[in-house]
Amino acid sequence: MARQWSPADRQMPLVLAGAIAASIDQPYGEQDPHVAYASEMSDLAQLAEEALRDPALGDDPGTYVYLLAALISFEGVEIWGEQLDGLNDDEYEVPCPSCSTENFIAFGEYGCFSTTDSMYMNETAAKKVPLQPADASTLEGLAQRLHSRALADGHTDVAHKLTYVFGKAQCAECDEIFSVAEAITTLWDA
């Protein structure tokens with residue numbers, strides 16, 4: 001009897017290739033793999049595009065996010081190819097750009113807020129400051145592209161989470177308001 005492969009199983013090699021392309025720990029030295037292997041990256045991006053259109057992904061937002069990350073990795077988008085998967089975890093942990101306190105940026109089943117309490121899901125009395133989602137109509141560049149793509153592909157929950165990732169947070173320690181996306185890129189660009 002032949003094994004039945006789920007959509008996630010069929011897409012795993014593509015997701016793994018995307019993770020390799022996005023990794024900052026590349027063995028290629030000075031050679032950019034997006035230049036050295038431009039043809040292969042283009043082929044992989046085309047395969048990711050096709051995989052993202054698979055109707056079976058409608059019930060699998062996790063694999064959808066991984067494939068979206070793979071696509072932008074193959075296109076050479078730095079940081080987000082590796083960090084987009086925070087959407088699947090419903091949180092990012094970033095330092096406040098003002099006071100450096102670690103803030104958990106949560107946007108899932110426990111609500112949409114910033115907090116300094118890593119155990120926020122346990123009904124603690126920690127300070128939780130509501131996030132300020134971006135207005136979808138004002139998104140630009142990569143944020144607009146990812147949001148529009150998620151909507152077009154029927155992943156409204158992913159699109160909704162993206163408004164928080166590209167929105168603002170208030171530090172639960174010093175009250176500084178900062179861009180969540182900039183905090184993520186600053187952390188991983190260092």
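The entries start with the conventions and then go through the elements.

Conventions. I worked on a predicted model, where local features need pLDDT of at least 70 and side-chain atom pairs count only at pLDDT 80 or more, while totals for chains, interfaces and linings use all residues. Residues are numbered from 1 along each chain as its sequence is written, and side-chain values use heavy atoms, with hydrogens and water left out.

Strand pairing. I took helices (H or I, at least four residues) and strands (E, at least two) as DSSP runs numbered from the N terminus, and counted two strands as paired if DSSP finds at least two bridges between them. I found β1 (residues 91–95) antiparallel to β2 over five bridges, with E93 opposite F104. Six residues lie between the strands of this hairpin, and S100 there has a positive phi near 70 degrees. I then looked up β3 (residues 111–115), which pairs with β2 in the antiparallel sense, also over five bridges. Two residues separate β2 and β3 in their hairpin, and G108 has G111 as its bridge partner.

Burial. I used buried for under 20% relative accessible area, exposed for over 50% and partly exposed in between (1.4 Å probe, protein chains only). In β2 (residues 102–108), five of the seven residues are buried. In helix α8 (residues 156–165), seven of 10 are buried, among them V158, L162 and Y164.

P95. This residue sits in β1 and counts as partly exposed because its relative accessibility is 21%. The C-alpha atoms of P95 and C171 are 8.8 Å apart, with the two residues 76 apart along the chain.
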